[in-house]
Amino acid sequence: MSRERIVIVGAGFAGYQAARTLSRRVRDAAEIVLLNPTDYFLYLPLLPQVAAGILEPRRVTVSLPGTLPRVRLVLGEAHHVDLESRRVSYTGPEGERGELTYDRLVLAVGSVNKLLPIPGVAEYAHGFRGLPEALYLRDHVTRQIELAATADDPRECAARSTFVVVGAGYTGTEVAAQGKLFTDALVRKQRAWKQGRRPRWLLLDIAPRVLPELDRRLSHTADRVLRARGVEVRTGTSVKEAGRTGITLDDGEFVETHSLVWCVGVRPDPLVSEVGLPVERGRLLVDPQLNVPGHPEVFACGDAAAVPDLTRPGQFTPMTAQHAGRQGKVAGRNVAASLGYGERETYKHNDLGFVVDLGGVKAAANPLGVPLSGPLAGAVTRGYHLAAMPGNRVRVAADWMLDAILPRQAVQLGLVRSWTVPLESSSPELARVPGAPGKE
């Protein structure tokens, strides 16, 4: 007698937790297949620390085969879901085409960089959604400081040591905060650096404050730390046009720079809209049990799903890692329940608070609604990340200790070039290489 097959598409916070929950609930009674472009789960909240040279790249990746022993991993990128025949078509890492049939399907494909119709942005900006982009940014920032140190023209030096981050949300704020500390450390090692000059970081957002989606007290703490560190925070400001030598702001000011980091937010993976089911702003509509109406065999969770927020009637849960991870667990339990293992659950979750790592001993946090700042917030923030990570805790803690007592290693690895990490990509977790197969 053949076993039921459960196919999970995507191994982000939602997909990983769904796979882990299912493997514990049904064990070997069903075949669990996880389709993902990489063989690791990426812990996105610590990605800014990779870009700043604090953590080595493998520290924020958790092996899927190593931590999900009862789950069969299939490397590939889904490009089509046929609901009638219950098949998922995908492209493998070497261009091979494949199909997976399913009895239950969990769509947890996550999100990609959010694009805006601003001239030049797609050509000259880089996002921050995957490991290749973080590695590129670390190399790029290091290279710009090294080139600025030896530039004879003061104007070129200023342009190369100017870094612009667009989007003062969770990611953009951390990138700017960590980046400023990183470039200050790089400058101290450059003997040729001109005295009196400091790297310039700008954080832009059209919103009236940084971290507009979070509590105002967190926003105030982050703003204060950034400004004290020397980051130019420009709220109510956006980019009008981007070019090879700089950007034009919407107030007409031209900023000469070779570095534009795009952190304006995310949008659901385009695969979701192509399934042919009702969506809400690109997210697949589901019921409170994460089931797709009319398709009892299909579930969706994380950034790919528009999940009703039962704590705020009439709204959908925001696209955060906290919601994605918890939705993944509920989806796993409900899929197991549909096979006769356990009872179905309804997704309802009140935010337990947020943490924002601002680099060094600085952070902003509000665990259980209690506002914290300074070293205490820093300790809470790092403790939260260690508890939330499904692996590599000792290695991450070791890197933090080494960073506290040793100077950072500032070298260019040259492994990721700018053209391999375009802003407009449906797969930010993969670097684009010559001759790489494309999707249909």
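The model is predicted: local features need pLDDT of at least 70, side-chain atom pairs count only at pLDDT 80 or more, and totals for chains, interfaces and linings use all residues. Residues are numbered from 1 along each chain as its sequence is written, and side-chain values use heavy atoms, leaving out hydrogens and water.

**Nonpolar cores**

- A nonpolar core is a set of buried Ala, Val, Leu, Ile, Met, Phe, Trp, Tyr and Cys residues joined through side-chain atoms within 4.5 Å.
- Buried means under 20% relative accessible area, exposed over 50%, and partly exposed in between (1.4 Å probe, protein chains only).
- The largest nonpolar core has 111 residues, and Ile-8, Val-9, Leu-105 and Leu-107 touch the most other members.
- Helix α5 gives the most to this core, with nine residues.
- A second, separate core has 15 residues, including Val-166, Leu-204, Ile-247 and Leu-423.
- In soluble globular proteins, nonpolar side chains tend to be buried together.

**Helix α5**

- Helices (H or I, at least four residues) and strands (E, at least two) are DSSP runs, numbered from the N terminus.
- In α5, 17 of the 20 residues are buried, so the rest of the structure largely encloses this helix.

**Cavities**

- A cavity is a set of points, on a 1 Å grid over the protein atoms alone, where a 1.4 Å probe fits but cannot get out; lining residues have an atom within 4 Å of a point.
- Grid points are joined across faces, edges and corners, and a volume is the space filled by probe spheres set on the points.
- The structure holds four cavities of 30 Å³ or more.
- The largest cavity has a volume of about 70 Å³.
- Its lining includes Pro-48, Phe-128, Gln-178 and Trp-201.
- Helices α2 (47–51), α5 (131–150) and α7 (170–189) each give two or more residues to this lining.
- The largest share, four residues, comes from α7.

- Arg-27 lies in the loop between α1 (13–25) and β2 (30–36), and has a positive phi of about 50° although it is not a glycine.
- Arg-281 sits in the loop between β19 (279–280) and β20 (283–285), with a positive phi of about 55°.
- Most residues other than glycine have a negative phi.
- Arg-281 is exposed, at 78% relative accessible area, while Arg-27 is partly exposed, at 44%.
- Arg-97 lies in strand β8 (residues 97–101) and is partly exposed, at 45%.

Note on methods:
On a 1 Å grid over the protein atoms alone, a cavity is a set of points where a 1.4 Å probe fits but cannot get out, and a pocket is an open set with protein on both sides within 12 Å along at least five of seven lines; lining residues have an atom within 4 Å of a point.
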